[in-house]
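Please keep the sequence and the structure at hand while reading.

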Amino acid sequence: MRRLYCLLMLTILTPWASGLYTKEYESTTKLPKVCTAHAGCMIGTHMKGYQTEKFEAFLGIPFALPPLGELRFSNPKAFPAWTDILNATVAKDDCVQKNYLLPEPIITGSEDCLYLNVYRPMQTPYENLTVMVYIYGGGWFSGSPNPYLTGPEYFMDNQDVILVTFGYRLGALGFLSTNDANMPGNFGLKDQLLALKWIQKNIEDFGGNPKSVTLFGQSVGAISAHMHMLSKQSEGLFHAIIAMSGTANVPFAITDNPLEQARKTALLCNISKAYEFSTTKLAKALRNISVTTLLNAGDGLKFWHVDHLTNYRPVIESSKWPEAFLTQHPKHTLNKGKYKPVPIMLGNVPNEGAVRVVPIMETKALTSSFNRNFMFLMETFLEFPKHFNRSQLNEKMSLIIDEYFHGRTQLNEKTNQGFLELVSERGFHHPLYQTIKTYVETIDTGKYPLYLYKFNYSGPYTYANIYKGGNPSRNYGVVHCDDLIYLFRAPLLFPDFDKNSIDAEIIKAMVGNFVHFAKYRKPLNTESFEICNIKTFNRRPESICDYQHFTSATSGSFIIKTDNQFNVRRMKLWQQILEE
């Protein structure tokens, strides 16, 4: 298992991974070739499908200049067109990262990482295919578009879409900010934006339809996708969104005091005058720090163990700054409905909070450490609004302890389920509920429909094992990322399913549902759905709008049913808790 973790973020390389093809090589191969008007010519490769024989892959296509030297902590610059034939047969390095989801966080990847991958089915002519663009998750500090972790095979088996994945800057390199134009921040989101612009300019030459682009992501990839819908910079670059286990209003969405964080990071990098420098000098000093020192400095921002998992986050920019991406807090934008919507599908799993709860509950030393300072750690863990005073915090913590822990102030076998529910609902389910609520209150859902799904199928593999670093002592149910197992092949993490298994059927159903939404702006089998609007959202005390429920059946198979149950009582409790 430890060897597996060391492999997680490594890219498979070949001797000619970064070179250009010679004309002699081109003439002796039958590999796919594409020439675009705005980028150049490139030679791709063939990959083996899961259910199909093969498909075409164009890997490691540069969409931005390498963000090195003066371009570190700068808005990305478009990669110019090339004149030679680009070797697009091998995926590039992941963006450099320190992955705190691993039991022993290690630094992997490269700063030179702004490349994308285009996958298309084996069919001719290539024309007018729907395009699906995936943003990986990983807390904005980790993640990979590499096909060994974000494999395109299941979508290519569908043979109806072009799939694009790409790298974007992570951690401090992606989100550190001096809160002014010297280092404005949101570089990771702006990398994503530039990739979307590249797709608009070039995807037609791959046979894709630039007027039918669906942006989808999971966890912070979903949050990113949702933020693109709220940003004026991204308008017109996509036409639908799928957000899996994340919305733009989560409590870990925004850095409140970015300049203070930048100065503290600099001090942790041994920049002695971090609190004396102007922001111009501060940005220059940080550009000269080694990447290893910079990433390790992030450890000093943690208040306990690896928490907060996500320290470097998006920031609110001034509209006066060049290429500002977010100029208002996502909560305010959502509440006002002042953005250009597109059809959207939101999904969740029951136990989202397992991403953090599993390692804490499964490691005795962490459980004991948490219990020794339970109230302080729990309060900090939950990220209450900064303006709450001590009296308000005491009152709200009392409500939480009574509701989730039955008055106990200790993590143990009697309270771990409550802890799991607490982290799931605070971090994911309540923001999801609020997103749905504000959407139906402010947006015309007849014109811009909102669809929902819940994934609750327990298969033979689960990300709980990844979070634990082995087999956990108890069954945590369907956890954060488990739906990804049926959307992307990840051979570095899980063995392949038997092609005739129930799990292979779920892959077909999940991918088919996503593709149908991308093509027609609605998921499969919605005939029985009532349209999601303010009336259907509020129709009963313990329900929301109709949604697709992918769930296990008693026979060991799975079913897809229409459901509308949601723990609305808890959601209203959180509204009460978060009120001033």
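## Strand pairing in the open sheet

Two strands are said to pair if DSSP finds at least two bridges between them. In this predicted model, three bridges join strand β2, residues 41-43, to β5, and these two strands run parallel. Within that pairing, Ile43 is the residue that stands opposite Asn87 in β5.

The two strands belong to an open sheet of three strands, arranged in the order β1-β2-β5 and with mixed pairing. Its edges are formed by β1 (33-35) and β5 (85-87), each of which pairs on one side only, and from one strand to the next the twist averages 25 degrees.

## The hairpin of β3 and β4

Strands β3 and β4 form a hairpin, with five residues between them. Four bridges join β3 to β4, the latter spanning residues 54-62, and the two run antiparallel; Thr45 stands opposite Ala57 in β4.

In a regular strand, side chains alternate between the two faces of the sheet. Strand β3, residues 45-48, has a covered face with Thr45 and Met47, and an uncovered face with His46 and Lys48.

## The largest pocket

Rolling a probe the size of a water molecule over the atoms shows where empty space is left. The largest pocket holds about 1400 Å³ of space, and its lining comprises 44 residues, of which Pro251, Asp256, Glu383, Phe384 and Lys386 lie nearest the centre. By residue class, the lining of this pocket divides into 16 nonpolar, 17 polar and 11 charged residues.

Several helices take part in the lining of the largest pocket: α7 (258-268), α10 (330-336), α13 (374-381), α15 (416-442) and α19 (568-578) each supply at least two residues. Helix α15 gives the most to this lining, with five residues.

Is Arg356 buried or exposed? This residue has its place in helix α11, which covers residues 354-362, and because its relative accessibility is 6%, where buried means under 20%, Arg356 counts as buried. Its side chain has a polar partner, for the side chain of Arg356 makes a polar contact with the side chain of His305 at 2.9 Å.

Key: Residues numbered from 1 in each chain as written. Predicted model: local features only at pLDDT ≥ 70, side-chain atom pairs only at ≥ 80, totals over all residues. Heavy atoms only, no water. Axes fitted to C-alpha atoms, helices over the stretch in contact; angles between N-to-C directions. 1 Å grid on protein atoms, 1.4 Å probe; cavity = no way out; pocket = protein on both sides within 12 Å on 5 of 7 lines; lining within 4 Å. Points joined across faces, edges and corners; volume = space filled by probe spheres on them. Nonpolar A, V, L, I, M, F, W, Y, C, P; charged D, E, K, R; others polar. Buried < 20%, exposed > 50% of the residue type's maximum accessible area, 1.4 Å probe, protein only. Polar contact = N/O pair within 3.5 Å; in protein donor to acceptor, adjacent residues only side chain to side chain.
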